[in-house]
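Me: I am new to this structure and would like a guided look at it. Could you show it to me and then take my questions?

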Amino acid sequence: MDAPLQPHDALIRPWRTATIAASLVAAVELVLLLGAAFLLLAKPLSHAMQRHAAATAFAPVARPDKPVVPKQAPIGLPKLLRSETKVFVLNGNGRNGAASAAASRLSDRGYRIPGTGNAKRQDYATTVVMYKRGFHAEGVRLAHDMHFKVVGPLDGIAPATMSGAQLAIILGAR
């Protein structure tokens, strides 16, 4: 009995095609299952997140019992008279003649002016009174005399460039 022999490729092809088809069906089922799981879990998860956000937003704010106020050392009285206090005036607002005009007002009040000049920057918004170590009271007195609001320690100016002055003023726009 002679039976025709099937070619070798004929035996492999149906198996390969069936495997590819089964894999595609499994991939589609996986995507559908993931989509269904997302739709089932998204709404409860969304509601839980909304409840948590509302509870956080409407929770009472915890406030400290006492406000924290930094301790300041007492300023004390000035050691130098106005006539003994030297003030170095710097123009930090960019207006021509502002330093010399301020120096004139200061000398009218009795302060000594060893020099004037321009600050490194010309964009100061507020006038700043700065003092060398040990002359805080003199700086506060000067700020009070000239109606300036900002007083602080010497910063950004080398004491050697101040011509022996104890205080420095950087004039701002206000």
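Predicted model: local features only at pLDDT ≥ 70, side-chain atom pairs only at ≥ 80, totals over all residues.

Me: In what order do the strands of the open sheet come?

Reply: The order is β2-β1-β5-β3-β4, with 5 strands and mixed pairing. Strands here are DSSP runs of E with at least two residues, helices are runs of H or I with at least four, and both are numbered from the N terminus. Two strands pair if DSSP finds at least two bridges between them.

Me: Which are the edge strands?

Reply: They are β2 and β4 (150-153), each of which pairs on one side only.

Me: How many bridges join β1 to β5?

Reply: There are 5, and these two strands run parallel; L90 stands opposite I170 in β5. Strand β3 (residues 128-131) is joined to β5 by 4 bridges, and that pair runs antiparallel. Y131 has L167 of β5 as its bridge partner.

Me: Is β5 buried or exposed?

Reply: 5 of the 5 residues of β5 are buried, so the strand is largely enclosed by the rest of the structure. Buried means under 20% relative accessible area, exposed over 50%, and partly exposed in between (1.4 Å probe, protein chains only). L167, I169 and L171 cover one side of β5, and A168 and I170 the other.

Me: Moving to helix α2, which residues are buried there?

Reply: In α2 (residues 98-108), the buried ones are A98, A99, A102, A103 and L106. They lie on the same side of α2, because they cover an arc of only 130° around the axis, taking the directions from the helix axis to the C-beta atoms.

Me: And what do they pack against?

Reply: The buried residues of α2 pack against β1 (86-91), β2 (112-118), α3 (136-146) and β5 (167-171). Contact means heavy atoms within 4.5 Å. Just after α2, G110 takes a positive phi of about 105°.

Me: Where is N93 found?

Reply: N93 is in the loop between β1 and α2, and it is buried, with a relative accessible area of 15%. A polar atom of its side chain lies 3.2 Å from the backbone oxygen of G172. Not counting residues up to four places away in sequence, N93 touches A98, Q122, L171, G172 and A173.

Me: Changing topic, how many salt bridges does the count come to?

Reply: The count comes to 2, where a salt bridge is a side-chain nitrogen of Lys or Arg within 4 Å of a carboxyl oxygen of Asp or Glu. R82 forms one with D145, the closest N and O atoms being 2.6 Å apart. R82 lies in the loop between α1 (8-57) and β1, and D145 in helix α3, so the pair ties together parts that are 63 residues apart in sequence.

Me: Is D145 buried or exposed?

Reply: D145 is buried, at 10% relative accessible area, whereas R82 is partly exposed at 33%.

Me: And which side chains meet in the salt bridge at 2.8 Å?

Reply: Those of R121 and D123, N to O. R121 is partly exposed, with a relative accessible area of 43%, and D123 is exposed, with 53%.

Technical notes
Residues numbered from 1 in each chain as written. Heavy atoms only, no water. Polar contact = N/O pair within 3.5 Å; in protein donor to acceptor, adjacent residues only side chain to side chain.
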